[in-house]
Amino acid sequence: MPEIETNHRDSELFSPPSDVRGMTELDRTAFKKIVTIPVLKVRKEIVNKLMRSLKRAALQRPGIKRVIEDPEDEEGRLIMLDPYKIFTVDSFEKEELSILKQLNVNPQISKYNLELTYENFKSEEILRAVLPEGQDVTSGFSRVGHIAHLNLRDHQLPYKHLIGQVMIDKNPGITSAVNKINNIDNTYRNFQMEVLSGEENMMTKVRENNYTYEFDFSKVYWNPRLSTEHSRITELLKPGDVLFDVFAGVGPFAIPAAKKNCTVFANDLNPESHKWLLHNCKLNKVDQKVKVFNLDGKDFLQGPVREELMQQLGPLSKERKHSVHIVMNLPAKAIEFISAFKALLDGQPCGSELLPIVHCYSFSKDANPAKDVQQRAGTVLGISLEASSSVHLVRNVAPNKEMLCITFRIPAAVLYKNQTVNRDNHEDQPLKRQRTDKDL
Ligand SMILES: C[S@@+](CC[C@H](N)C(=O)[O-])C[C@H]1O[C@@H](n2cnc3c(N)ncnc32)[C@H](O)[C@@H]1O
């Protein structure tokens, strides 16, 4: 028998029945419950007019109609009211009472026994009722196409399949729920994951900043929390600029840059990322503008990047107006890779004033993360970057762990170690500071 709830002021009124606590296999029928709701009896022809003025007072629950037929009067309707706001006639506001009077509605409150089912509860209410009392039930997840990507805590694991199913039921478009089973520490930064509920298929399609990406989420890196960072970098680029993307993933820097008419060289060591990068370039119709590589970042820098830089910065480049950018988004390791810039163009002639600008990502757990990143990058290059770089806080990854992006122009003294620099056409220009450390 469904539980009958009568106390209007009960804060648990819209909680599922108490006997669902501890359920590990989802039984939707166990969520049935009857609650007593205040209602107004009205004539059907005034319902539309009245509802506009009763927005505050009307009941708002997922899947519950606010107006139903009056079982005792064919010509009448019942307006469901919010039991936390309306107890008696005195609970109506002055304007509400006035419109009731205008429309000749008796403001007396009646009662209606409403059946609530699984469909009428929000995911958080369901999980709060099922999981052990007093424990965190956070129902948040990252959405990657049709996939809900959860990061469950230990105490939630006995309920993992139920949690996954609730996420699918309550979030339109989600047909698969997966749980991260360890931290990203493998080379290709893809998550090790367990399918909790729904489709096993991890082939998915996402939209980010108006571009479409397709990939197998179990085999490549994708993080929906980086969309702002992808567009921040894209906005720094101008048509005609050259972009080298050393750790390109499936293309979220490379594709928008190519769409902006930049020349793009994009690389990823993961053969699966490389495959989807090629695919996404075609999908977004920029395959003619992106050269795609499947190399270790160091080999990419010392091979294709070096060759192109020789062209871009060589003696014929004096008139060159566009900038060269190098994006390095592998925060756990990218700083180590900037050592490849040391003497990269040693012995080469340099005709350009516009040396490449590096955007290198890093994590930091330091109390002063900006300074920490500047110092570590400076140490690798053997110079000080504190006055000639800017640091942008990308996001807080975990308590006391930040992801940052350090941006600096590679000094000539680093790129051309043994070259006598011609001061007429070759300056070590510090990068104009876009943000200060205080931004952090
Ligand atoms: C954090 S992801 C960034 C992907 C993409 N740029 C983005 O913003 O979503 C880092 C990428 O670097 C790739 N990677 C890891 N080690 C690498 C290496 N040694 N050389 C080149 N790519 C590497 C991984 O496969 C992964 O796609």
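Mentor: The following dialogue takes up salt bridges, a charged patch and an annotation in turn. Please keep in mind that this is a predicted model.

Trainee: How many salt bridges does a search of the whole structure find?

Mentor: The general idea comes first: side chains of opposite charge can pair when their charged atoms come close. In this structure, the search finds 17 salt bridges. One of them joins Glu229 to Arg232, with the closest N and O atoms 2.8 Å apart.

Trainee: Where do Glu229 and Arg232 lie?

Mentor: Both belong to helix α5, which covers residues 227–236.

Trainee: Are Glu229 and Arg232 buried or exposed?

Mentor: A residue counts as buried when its relative accessible area is under 20%. Glu229 has a value of 5% and is therefore buried. Arg232, at 13%, is buried too. Salt bridges may also share partners, and such bridges join Lys41, Asp70 and Glu72 into one network.

Trainee: How far apart are the closest N and O atoms of Arg43 and Glu45?

Mentor: In that salt bridge the distance is 3.3 Å. As for accessibility, over 50% counts as exposed, and values between the two cut-offs count as partly exposed. Glu45 has a relative accessibility of 57%, so this residue is exposed. Arg43 has a relative accessible area of 35%, so this residue is partly exposed.

Trainee: Which residue forms a salt bridge with Asp216?

Mentor: The partner is Lys219, and the closest N and O atoms are 3.7 Å apart. Asp216 is buried at 11% relative accessibility, whereas Lys219 is partly exposed at 38%.

Trainee: Which residues form the positive surface patch?

Mentor: To belong to a patch, a residue needs over 30% relative accessible area and no salt bridge. Here Lys49, Arg52, Lys55 and Arg66 form a positive patch. Consider Arg66: its relative accessible area is 34%, which means that Arg66 is partly exposed. Arg66 is placed in the loop between α1 (47–53) and β3 (67–70).

Technical notes:
Residues are numbered from 1 along each chain as its sequence is written. This is a predicted model: local features need pLDDT of at least 70, side-chain atom pairs count only at pLDDT 80 or more; totals for chains, interfaces and linings use all residues. Side-chain values use heavy atoms; hydrogens and water are left out. Patches are made of residues with over 30% relative accessible area and no salt bridge: like charges are joined within 9 Å, nonpolar side chains (Val, Leu, Ile, Met, Phe, Trp, Tyr) within 5 Å. Accessible areas come from the Shrake-Rupley method with a 1.4 Å probe; for residues, only the protein chains shown count as cover. A salt bridge is a side-chain nitrogen of Lys or Arg within 4 Å of a carboxyl oxygen of Asp or Glu. Lys and Arg count as positive and Asp and Glu as negative; His and the chain ends are not counted. The place of a charge is taken as NZ of Lys, CZ of Arg, CG of Asp or CD of Glu. Helices (H or I, at least four residues) and strands (E, at least two) are DSSP runs, numbered from the N terminus. Buried means under 20% relative accessible area, exposed over 50%, partly exposed in between (1.4 Å probe, protein chains only).
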